[in-house]
Amino acid sequence: FEGPFLRSGRCGMAHGAPPRVLTVCLSPTLQKTLSVSDLVEDDVNRCQSTRLDASGKGVNVTRVLAQLGADVTHLTQLGGSFRPKFLQLCADDGLGVEWVESGCEVRFCYTVLNQRTNTSTELVEESPAVADGVEGVLLARYREVLEGVQAVVLTGSKAAGFSPQLFPSMVAMAKAAGKLVVLDYRKDDLLNSLPHRPDVVKPNWSEFVDTFFPGEVLPDTDPAALDRVTAKMKVLYQDFGTQVLITRGSKSTLYTAADHTVQELPAEHITPVNTIGCGDSLTAGITYALCLGQPLAEAVALGQQCAVQNAGLIRPGAIRDDAPIPRPVAPPEDKPHKISTLVMIYRKAQGRDGDEILLGMKKRGFGAGRWNGFGGKVEGKETIAEGAQRELKEEAGIEALDLVRRGILTFNIATIPQVLEVHVFSASQFTGTPMETEEMAPMWYSTDEIPYDEMWADDHLWVPQMLRGDCFRGHFEFRDNDTMLDHHLYTVPPESLCVCVRCGLPQ
């Protein structure tokens with residue numbers, strides 16, 4: 001993705017802070033999901049399970065962005081007797097919501113999951129009209145929140161009572177402020193927004209056809225229809241600098257590349273549990289990756305991965321289970337970063353059941369007297385991975401054969417003038433024999449007997465995630481070397497670890 005926004009470098013994360021995103025959706029929803037063994041019309045169908053979630057396209061995008069690790073705020077309108085329930089469900093998920101009083105009751109939508117056919121049927125209520133004067137209050141709040149974010153996602157239909165100029169005005173304000181703008185809506189709202197040059201628009205096939213070929217039937221299986229749609233995608237990029245991404249369910253996703261060609265990315269085929277929220281999950285993944293400075297092709301790949309994860313869950317608009325989402329704790333922006341490495345070696349135990357991990361007792365310097373992995377600073381023109389291999393050789397006398405990046409952790413220790421940015425690697429195969437060096441004295445431990453009491457205070461939080469095979473990012477606040485004050489740790493897709501926290505650039 002090489003549009004003007006990313007060429008300017010404005011989208012990279014500063015000093016390791018998570019991406020800061022504002023999502024806007026003006027049709028808040030309480031989503032009731034009902035699961036039945038088989039849906040029979042004109043008969044009584046008894047539910048095997050039910051759940052209630054705060055939803056709507058904007059909340060779904062917000063939840064997935066938060067689960068990816070973004071610092072995200074959702075802006076909406078709320079009113080009526082179900083407003084407290086909506087806000088409580090958002091709070092239960094750890095979602096930050098800014099809202100204005102609209103006098104508009106929160107709508108309900110219903111998803112019926114047919115276990116026999118693996119299908120999802122959605123029943124949608126239309127949102128009632130908002131009260132007079134709400135639009136002006138909403139725009140004022142939007143201006144306030146806009147200042148502190150890098151990207152804006154505008155998504156979904158808007159309740160009755162808002163003017164046709166509302167969404168285009170929001171796009172214009174965001175672009176004037178230098179924000180990345182991603183749109184997921186259609187028809188007149190989209191047509192009127194394009195002159196303000198949003199960065200990415202993400203309709204599905206039918207929405208794109210309804211918007212740009214109204215009244216026509218253009219099946220996505222027809223080569224002539226595909227030619228007309230891809231030609232229109234190129235025109236939109238030429239005229240407005242807007243790259244278009246079109247989803248087609250289980251078929252490949254189309255997107256406009258920086259060279260003005262239209263590319264396809266095949267979709268992964270799975271047996272879904274609930275497809276509601278898949279498009280929103282894709283939007284979240286794309287936005288997150290673009291905020292990290294990744295090209296659109298990689299952003300689409302992450303978005304598709306999020307959509308697949310969402311489809312495998314009964315909960316709409318999520319990529320993992322019901323665990324609450326902690327609000328991010330980020331390193332301070334006024335301290336420089338020091339890049340370092342940490343290599344964890346673990347394998348099947350030799351001569352006993354289970355697995356074992358190689359730890360080293362630090363003999364001198366920073367962290368002396370603690371068990372740890374092997375690592376240190378990155379020197380000269382080394383890549384981070386090259387620095388990890390060198391430190392492993394110097395400290396333990398071995399060389400990893402299958403080094404894999406597993407996590408990026410940042411540490412703000414009040415007594416140290418820099419934020420420590422630690423890139424964690426793992427390996428299970430190596431050459432050489434672990435040996436004591438001037439820095440470290442290595443010893444194998446059963447993974448059931450890891451001496452966390454003699455390690456850094458954060459290790460017991462992320463080492464088990466690594467041993468499970470997860471990839472992760474995290475930030476930790478320490479008063480001193482011994483006292484951890486706060487932390488934020490979350491699992492991430494492996495692709496998101498290809499970006500340096502310090503500068504937002506691929507590594």
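Colleague: How many salt bridges does the structure hold?
Modeller: This is a predicted model, and the pairs are counted from its atoms. A salt bridge here needs a side-chain nitrogen of Lys or Arg within 4 Å of a carboxyl oxygen of Asp or Glu. The number of salt bridges in the structure is 29.

Colleague: Which residue meets Arg-51 in a salt bridge, and are the two buried or exposed?
Modeller: The N to O distance of this salt bridge is 2.6 Å. The partner of Arg-51 is Asp-53.

Colleague: How many residues apart in sequence are the parts that Lys-57 and Asp-280 tie together?
Modeller: The side chains of Lys-57 and Asp-280 meet in a salt bridge, 2.8 Å from N to O. Lys-57 lies in helix H2 (residues 57-68) and Asp-280 in helix H9 (residues 278-291), so the pair ties together parts of the chain whose separation in sequence is 223 residues.

Colleague: Which residue meets Asp-189 in a salt bridge?
Modeller: The N to O distance in this salt bridge is 2.8 Å. The pair links distant parts of the chain, 31 residues apart, with Asp-189 in helix H6 (residues 187-193) and its partner in strand E8 (residues 151-158). Asp-189 counts as buried because its relative accessibility is 14%. The partner is Lys-158.

Colleague: Where is Ser-27, and which residue's backbone oxygen does its side chain reach?
Modeller: Ser-27 sits in the loop between strand E1 (20-26) and strand E2 (29-36). Ser-27 is buried because its relative accessible area is 2%. Not counting residues up to four places away in sequence, Ser-27 touches Gly-56, Arg-107, Ser-127, Ser-157, Lys-158 and Ala-159. The backbone oxygen reached, at 2.8 Å, belongs to Ser-157.

Colleague: How many aromatic pairs does the structure hold, and why is the pair of Phe-167 and Tyr-185 stacked?
Modeller: The structure holds 11 aromatic pairs. The ring centres of Phe-167 and Tyr-185 are 4.6 Å apart. Planes under 30 degrees apart count as stacked. The pair is therefore stacked because its planes meet at 10°.

Colleague: Where does Tyr-185 lie, and is it buried or exposed?
Modeller: Phe-167 is in helix H5 (residues 166-176), while Tyr-185 is in the loop between strand E9 (180-184) and H6, 18 residues apart. Phe-167 is buried at a relative accessible area of 0%. Tyr-185, with a relative accessible area of 5%, is buried.

Colleague: Which strand holds the residue that stacks with Phe-411?
Modeller: Phe-411 and Phe-476 form a stacked aromatic pair, 5.1 Å centre to centre with 15° between the planes. Phe-411 counts as buried at 9% relative accessibility, and Phe-476 is buried at 0%. Phe-411 lies in strand E18 (residues 404-413), so the pair ties together parts 65 residues apart in sequence, and the strand of Phe-476 is E22 (residues 472-480).

Colleague: Which arginine lies over the face of Trp-456?
Modeller: Trp-456 belongs to one aromatic cluster with Phe-366, Phe-411, Phe-476 and Phe-478. Over the face of Trp-444, at 3.8 Å from the ring centre, lies Arg-347. Over the face of Trp-456, at 4.2 Å from the ring centre, lies Arg-370.

Technical notes
Residues numbered from 1 in each chain as written. Predicted model: local features only at pLDDT ≥ 70, side-chain atom pairs only at ≥ 80, totals over all residues. Heavy atoms only, no water. Helix = DSSP H or I, 4+ residues; strand = E, 2+ residues; numbered from the N terminus. Buried < 20%, exposed > 50% of the residue type's maximum accessible area, 1.4 Å probe, protein only. Polar contact = N/O pair within 3.5 Å; in protein donor to acceptor, adjacent residues only side chain to side chain. Contact = heavy atoms within 4.5 Å. Phe/Tyr/Trp six-rings, centres within 6.5 Å; stacked < 30°, edge-to-face > 60°. Lys NZ or Arg CZ within 6 Å of the ring centre and 35° of its normal.
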